[in-house]
Amino acid sequence: MSEATVETHEALPYNDAVPGAVLERMENGSLIVAPDKLLRLGLYLRDHEGYDFLSSVTGVDYLGYKGRDETNRFEVVYHLYSTKRGGGPVVLKVRMPESNPEVPSVVSVWPGAELQEREIWDLYGIRFIGHPNLRRILLWEGFHGHPMRKDWHEAYYEADRKPFRSRHPDGRHTWAEDRAPWHDNVMYPDGWDPETWQQPVVQYRLPVEPPPGAESDLKTERIVVNFGPHHPSTHGVFRMVVTLEGETIVGLEPEVGYLHRNHEKIGERNTYLMNMPFTDRLDYLCSMSNNLGYALAVEKLMGLEVPERAQYIRIIMAELTRVLNHAWAIGFLLNDLGAFFTPALYAIEERELILDLFEAASGSRMMCNYMRFGGVAHDVSEEWLEQCRYLVNERLPRRIDELERLLTENEILVARCKGVGYLSPEDVVALSVSGPLLRASGVQYDIRKAEPYCIYDRFDFDIPVFYGGDVYDRYRVRVEEMRQALRILKQALADIPEGEVMSGKKQYSFRVPPGEVYSRIEAPKGELGFYIVSDGSPNPFRYHIRAPSFINLTALGPMSVGYKVADAIINLGAIDIVLGETDR
C-alpha cells in the first residue's frame with residue numbers, strides 16, 4: 001500500500017473549495033476523504049470539476065493488511081470520470097472503523113450508486129446513511145453475516161488461500177465434507193431460534209397506492225406483478241417486480257442474485273492466474289473481453305509489457321467479441337419483440353463462425369481462457385488469419401447489410417421501439433450507464449477513445465452516436481458499432497506483425513507487488529473494470545469486478561415507468577444483460 005505524502009490540509013486538492021474534505025493524498029493520487037464532507041465534495045466535483053460519471057463503487061475489508069487496524073478496517077472507493085473531457089479518474093476513499101462502518105450514501109449526487117451501495121451493504125455490512133432503499137441485493141433478506149468480510153467463513157471452509165495445504169503439494173486430500181460433516185459446519189446467529197424466527201419483509205419502493213387526486217374515468221386497481229425469475233423474456237434467472245395501473249408501468253424494481261456464487265470471494269482465494277478462466281464465466285458470451293480486462297489490470301500492477309503480435313491478437317479477439325455480442329443482442333431483441341427465434345438464428349449463424357475461430361485459437365468456443373499476463377496463451381496460424389480476413393472483409397459486412405435491410409425500417413420494429421424506454425443524456429450519465437446505452441442517448445463516450453488502452457490509439461474508427469435515447473437507437477448504435485469493429489479488425493489484420501506472443505516465461509504462480517489498481521475496458525456491454533488490491537502474495541487481497549450488466553440495470557426502472565407492460569421486456573432486452581456477469 002502506498003504511503004501518504006505529507007501535505008498540509010490547505011495544500012491538498014479541493015480543500016480550498018470544500019475545507020477539510022481531503023485528509024490525505026496517496027502516492028498513487030487517490031484521495032482520503034472525511035466521511036462528513038463526502039457529499040459536499042461530490043457535489044463540487046460533479047458541478048464544478050466535471051466529474052459527472054461515477055463509474056465504480058468498491059468496498060474493501062483490510063482486516064490483516066499491513067498498516068491497517070480496527071480503526072480503519074473498512075474502505076469504500078469511488079472512481080469518478082468526466083464524460084466530456086475523457087481521461088483518467090479522480091479516486092476518492094472513505095475509511096471506516098470496524099466498530100461502526102457507516103458512510104453517507106452518494107445516491108443523491110450520483111444515482112448510479114444505488115445498486116452498487118446495496119451490494120457493498122450486502123457483502124460487507126457497510127451501512128450507507130441516507131440510501132433510499134438499503135436492503136440486500138445478491139443475498140436474501142435474513143441472510144446471516146456479510147460474506148465478503150475477511151473473517152466470514154462459508155460452510156466447508158478450508159483456508160483463506162489456494163492452493164489449499166490439504167491438497168497440495170502431497171495430494172493427500174480429505175474431503176471437506178468428511179472433515180466437517182453437515183451440521184458441524186453451520187453457524188447460527190446468537191439467540192437464533194428456528195421456532196420463532198420469521199423471515200424479514202422485503203421493502204420495495206413501488207408506488208402501490210395512487211397519488212392523491214389521481215382519478216380517471218376508467219376505474220383500475222394498482223397491482224404488483226412478478227416477471228421471473230423463471231420467465232422466457234428475462235434472459236436468465238432474473239426478476240422484475242412491477243407495479244401496474246392497467247397496462248401502464250408505474251414502478252419497477254430489478255431483483256437479482258439468483259445466480260450469485262460469490263465470484264469475488266472465490267477470486268480472493270484463487271491465485272492470480274486461477275482467476276483467468278473464472279472471468280470466462282462472467283459474461284459468458286464475451287470471455288475474450290473479460291480475459292483482456294483482467295489481464296490488463298494485473299499487468300498494470302506488475303508493470304508487464306506485452307509483445308506487439310500479442311497486442312494485435314488481443315484487439316482482434318476483443319473486436320470479434322463485440323461483433324458476436326451485438327449480433328446476438330439484436331437477434332434476441334427481436335425475440336423479445338415476438339419474432340420468435342428466426343431473426344436470432346440468423347444472428348447466431350454469424351456468431352458460430354466467430355466461435356469457430358475462438359475454438360481454433362484457444363481450444364474452446366465460449367470458455368476461452370485465452371489471455372495471459374504478458375500476452376496470450378497460444379499464437380494463431382496464418383490459416384487462422386486468412387479465415388478471419390474472409391469473415392471480416394467479405395462475409396460479415398454483407399450480413400450486417402442484410403440485417404439492416406431486413407430490420408432497420410421494419411414497420412413492427414420501428415413501431416415497437418421508437419420512443420420507448422427513453423433516457424436523456426443527463427439521465428444515462430447520472431445513472432452510471434455505460435456502453436451502447438450511453439451512446440444511444442447522445443453521449444459520445446467510449447473508453448477506447450476517452451482513456452485508450454492496448455493499441456487502440458493506432459486505429460482509425462469512429463464512435464457511433466444516436467440521439468433518440470430509446471430502444472430503437474440502442475438497436476441502431478449496435479449495428480454501427482459492428483461496422484466500426486470490422487473497420488478496426490481490417491486494420492489489425494493488415495498490420496499484425498510476426499513475433500512472440502508472451503513476454504517472459506510462463507508461470508503458474510507468481511507474486512504481484514503490493515499496491516492497487518483499477519483498470520477498465522470498453523467491453524461490448526459497457527465499462528468492464530477490475531479493481532485489485534495486492535498484498536504482495538500470490539493471491540489478490542481484493543478482487544472486484546465493475547460489471548456493466550449489473551450497473552446498467554440501475555436504469556431499467558427509470559426507462560420503464562410510464563410505458564406499457566410489454567415494453568418492460570424490450571427495455572430489458574435493449575440493455576443486454578448476462579446474469580453470469582450481473583450476479584457474479
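Trainee: Quick one on Arg-584. Buried or exposed?

Mentor: Buried. Its relative accessible area is 3%, which is under the 20% cut-off for that label. Keep in mind that this is a predicted model.

Trainee: Which side chain does Arg-584 meet in a salt bridge?

Mentor: Glu-264. The N to O distance is 3.2 Å.

Trainee: What about the bridge between Arg-458 and Glu-308? What's the distance there?

Mentor: 2.8 Å, N to O, between the side chains of Arg-458 and Glu-308. This pair links distant parts of the chain, 150 residues apart. Arg-458 is in the loop between α13 and α14, while Glu-308 belongs to helix α7, residues 308-337.

Trainee: How accessible are Arg-458 and Glu-308?

Mentor: Arg-458 has 42% relative accessibility and counts as partly exposed. Glu-308 comes to 37%, also partly exposed.

Trainee: Now Glu-402 and Arg-399. How many residues apart are they?

Mentor: Three, which is about one turn of the helix. Glu-402 and Arg-399 both lie in α9, residues 382-407. Their side chains form a salt bridge at 3.8 Å, N to O. The cut-off for a salt bridge is 4 Å, so the pair counts.

Trainee: What's the accessibility of Glu-402 and of Arg-399?

Mentor: Glu-402 is at 24% and counts as partly exposed. Arg-399 has a relative accessible area of 25% and is partly exposed too.

Trainee: How many salt bridges turn up in the whole structure?

Mentor: The search finds 52.

Trainee: Which residues are linked in a network of salt bridges?

Mentor: One network joins Glu-319, Arg-322, Arg-439, Asp-446, Arg-448, Glu-481 and Glu-522.

Trainee: Where is Tyr-156?

Mentor: In the loop between β7 and α3. Tyr-156 is partly exposed, with a relative accessible area of 29%.

Trainee: What's phi for Cys-454?

Mentor: Near 50 degrees, a positive value in a residue other than glycine. Cys-454 is in the loop between α13 (447-450) and α14 (471-495). Its relative accessible area is 22%, so it is labelled partly exposed.

Trainee: Peptide bonds next. Cis or trans between Lys-162 and Pro-163?

Mentor: Cis, with omega about 0 degrees. Pro-163 lies in the loop between β7 (127-129) and α3.

Trainee: And from Gly-228 to Pro-229, cis or trans?

Mentor: That bond is cis as well, with omega near 10 degrees. Pro-229 is in the loop between β8 and β9 (239-245).

Trainee: Where does Tyr-188 come in the chain?

Mentor: In the loop between α3 (176-179) and β8 (222-227). Tyr-188 has a relative accessible area of 45% and is partly exposed.

Trainee: Zooming out, how many helices and strands does the chain have?

Mentor: 18 helices and 15 strands. The radius of gyration is 24 Å, close to the 25 Å that the globule rule gives for 584 residues, so the chain is as compact as a globular protein of that length.

Trainee: What box do the C-alpha atoms fill?

Mentor: Roughly 75 × 65 × 60 Å along the principal axes.

Trainee: What share of the residues counts as buried?

Mentor: 58% of the 584 residues. The accessible surface comes to about 24,400 Å², and 51% of that belongs to carbon and sulfur atoms.

Trainee: Last one. What share of the contacts with a separation of 6 or more comes from residues 24 or more positions apart?

Mentor: 68%.

Terms used:
Residues numbered from 1 in each chain as written. Predicted model: local features only at pLDDT ≥ 70, side-chain atom pairs only at ≥ 80, totals over all residues. Heavy atoms only, no water. Helix = DSSP H or I, 4+ residues; strand = E, 2+ residues; numbered from the N terminus. Buried < 20%, exposed > 50% of the residue type's maximum accessible area, 1.4 Å probe, protein only. Rg over C-alpha atoms; globule rule 2.2 N^0.38 Å. Contact = heavy atoms within 4.5 Å. Areas by Shrake-Rupley, 256 points an atom, 1.4 Å probe, with all protein chains shown as cover.
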